[in-house]
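Work through the exercises below with the model open. Each task is followed by its solution in steps.

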Amino acid sequence: MTKATLLILGATGDLTKRLLLPGIGSLIAGGEQGDLDLLDGLTLVGSARSEMDEDDWRGLVRSAFEDVDASGDLAEAIVGNAVYVQADPSRPDDWPALLEAVEGEELVIYFALPPAVISKVADVLKDVDLPEQTVLAVEKPFGSDAESAARLNEVLRAVVPEERIHRVDHFLGHRATLGMLALRFDNRLFDPIWNADDVQRVEIVYDEQLGLEGRAGYYDTAGALRDMLQSHLLQVLAVVATEAPATVDPVDLRDAIAAALRATRVWEHGPVFPNTDAPSRRARYTAGDVGDRHLPAYTDEEGVDPDRNTETLAEIALEVRTARWAGVPFVLRSGKAIGAPRDEIVLTVRPVRHRPDGQTGEGEPERIVLGFKPPRLRLQLTAAGGSMPFGLEPEDVTGALPKSAVTEYGEVIRGVLGNDPTLSVRGDVAEQCWRIVQPILDAWAKDEVPLEEYAAGSAGPDSWQP
Ligand code: NDP
């Protein structure tokens with residue numbers, strides 16, 4: 001039986017409640033025997049500066065487990081052993097009390113903290129005497145530019161070696177991302193056309209209906225580009241664009257991902273978006289209705305400083321400069337308060353070279369579409385259709401992809417407790433991701449790209465619509 005402690009810093013936060021604790025529960029409810037072994041004997045220590053009763057912390061854990069149907073002896077044991085320590089992890093004097101709660105030889109410290117606090121705490125940890133087998137799990141965004149990411153890497157590596165640092169990006173453990181690997185490398189059908197000769201455009205879109213939801217403290221200094229594109233969607237791009245790794249171990253898969261991202265640059269070959277030569281566009285939502293909810297304008301949300309010009313919708317065009325992909329735009333997009341949100345990876349295939357003369361009908365391009373939520377595959381094909389013998393119509397063939405009972409954060413917890421960093425971001429890659437988006441951040445800071453507006457509940461600014 002492993003005797004491990006998972007110390008969550010930021011235990012009173014949204015991530016812990018909504019994703020981390022249910023993630024642990026999902027491993028109990030739907031994991032393999034190996035997952036149950038990892039959790040057996042686990043001491044779950046929650047910590048934050050706020051006062052919280054031990055019973056309240058246990059209640060929080062229990063209710064997160066119940067939400068994902070995690071029950072039984074293991075769930076009860078974890079709840080019963082859960083400990084809460086009120087502490088400020090950026091104060092060296094608070095660490096003895098935190099370490100006193102640690103049981104067993106293995107310690108995972110999960111930084112579920114605001115980004116600005118993460119580097120402060122990492123600095124403090126350099127002088128704390130941690131157990132030999134300590135693993136650090138650090139949430140995104142990792143730094144705020146390439147330089148701060150490099151500095152954070154340096155500090156973390158002064159605490160534990162790189163193999164025990166998990167830079168969390170739960171999109172790597174997303175079913176759609178893992179489904180992409182399987183689709184490409186475990187089927188003969190798709191990989192032969194997975195290149196610039198056959199694919200004319202790749203889009204990775206993750207829109208959502210949610211607005212700010214009270215998270216101005218974090219989001220207003222981040223925005224859609226830093227929050228979603230620079231981290232999650234670049235990881236997905238890497239999996240779409242990578243060469244086949246020899247294995248899916250932490251070295252081969254992460255080398256392949258790193259190579260794809262090292263080859264990625266801002267698009268420089270002319271207009272990708274209508275009405276602009278720029279390889280990016282940005283916008284912010286105004287008041288409107290999303291489904292049956294009314295959202296105020298982003299700038300009227302509590303805690304928002306309108307002068308920060310924070311975008312709630314971002315689109316950027318990139319190029320992966322490899323023999324496989326050069327010349328194909330990769331468009332990344334994510335937005336909040338979108339009425340009919342899309343969340344999918346779309347490969348638009350080039351038109352056939354010649355259709356037999358005499359055929360009539362729609363010449364829509366073929367598309368391979370992999371959806372995030374729920375995981376799904378859609379093939380948009382050109383099929384025989386209409387009343388005439390040689391008529392053509394676009395036709396969708398759709399299917400659900402297998403779901404997993406283990407959530408994306410269950411996957412993260414599995415990785416950190418087993419210290420398997422395969423699905424976490426390597427240090428150099430975290431820096432590369434900032435290098436890729438920096439020219440866009442610079443252009444936006446100089447106002448070279450206008451900040452447009454769209455009504456909450458719409459699909460984005462009118463001028464963006466095809
Ligand atoms: P919250 O603001 O909800 O929670 C932050 C936690 O950190 C609280 O427990 C808070 O407790 C503690 N905290 C805040 N300020 C300090 C401080 N100065 N010193 C020490 N502790 C502090 O944030 P989230 O839970 O939403 O996010 C946490 C991390 O997870 C962030 O890096 C975020 O980017 C990342 N993330 C969040 C996601 C989400 O959906 N929420 C999704 C993906 C990543 P207290 O004030 O009591 O100390």
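Predicted model: local features only at pLDDT ≥ 70, side-chain atom pairs only at ≥ 80, totals over all residues.

**Exercise 1: Domains**

Solution. 

**Exercise 2: Nonpolar cores**

Task: locate the largest nonpolar core relative to domain 1 and domain 2, and list the neighbours of Phe330.

Solution. 
- The largest core holds 108 residues. Trp95, Ile109, Leu125, Val240, Trp325 and Phe330 touch the most other members.
- Helix 10 (residues 223-241) is the top contributor, giving 12 residues.
- Both domain 1 and domain 2 supply residues, so this core lies between them.
- Now Phe330. Leaving out residues up to four places away in sequence, Phe330 touches Val202, Leu237, Val240, Ala241, Ile316, Ala317, Leu318, Val320 and Trp325.
- A second, separate core has 39 residues, including Leu21, Val79, Val108 and Val135.

**Exercise 3: A helix pair**

Task: describe how helix 6 and helix 7 cross, then name the residues that meet.

Solution. 
- Geometry: the axes of helix 6 (residues 115-125) and helix 7 (residues 146-159) come within 8 Å, crossing at roughly 35°.
- Hand: the crossing is left-handed.
- Residues: Ile118, Ser119, Ala122, Asp123 and Leu125 of helix 6 meet Leu152, Val155, Leu156 and Val159 of helix 7.
- Classes: this contact has 7 nonpolar, 1 polar and 1 charged residues.

Methods: Residues numbered from 1 in each chain as written. Heavy atoms only, no water. Axes fitted to C-alpha atoms, helices over the stretch in contact; angles between N-to-C directions. Helix = DSSP H or I, 4+ residues; strand = E, 2+ residues; numbered from the N terminus. Left-handed = near helix turned anticlockwise from the far one by under 90°. Contact = heavy atoms within 4.5 Å. Nonpolar A, V, L, I, M, F, W, Y, C, P; charged D, E, K, R; others polar. Core = buried A, V, L, I, M, F, W, Y, C linked by side-chain atoms within 4.5 Å. Buried < 20%, exposed > 50% of the residue type's maximum accessible area, 1.4 Å probe, protein only. Domains from an automatic or database assignment.
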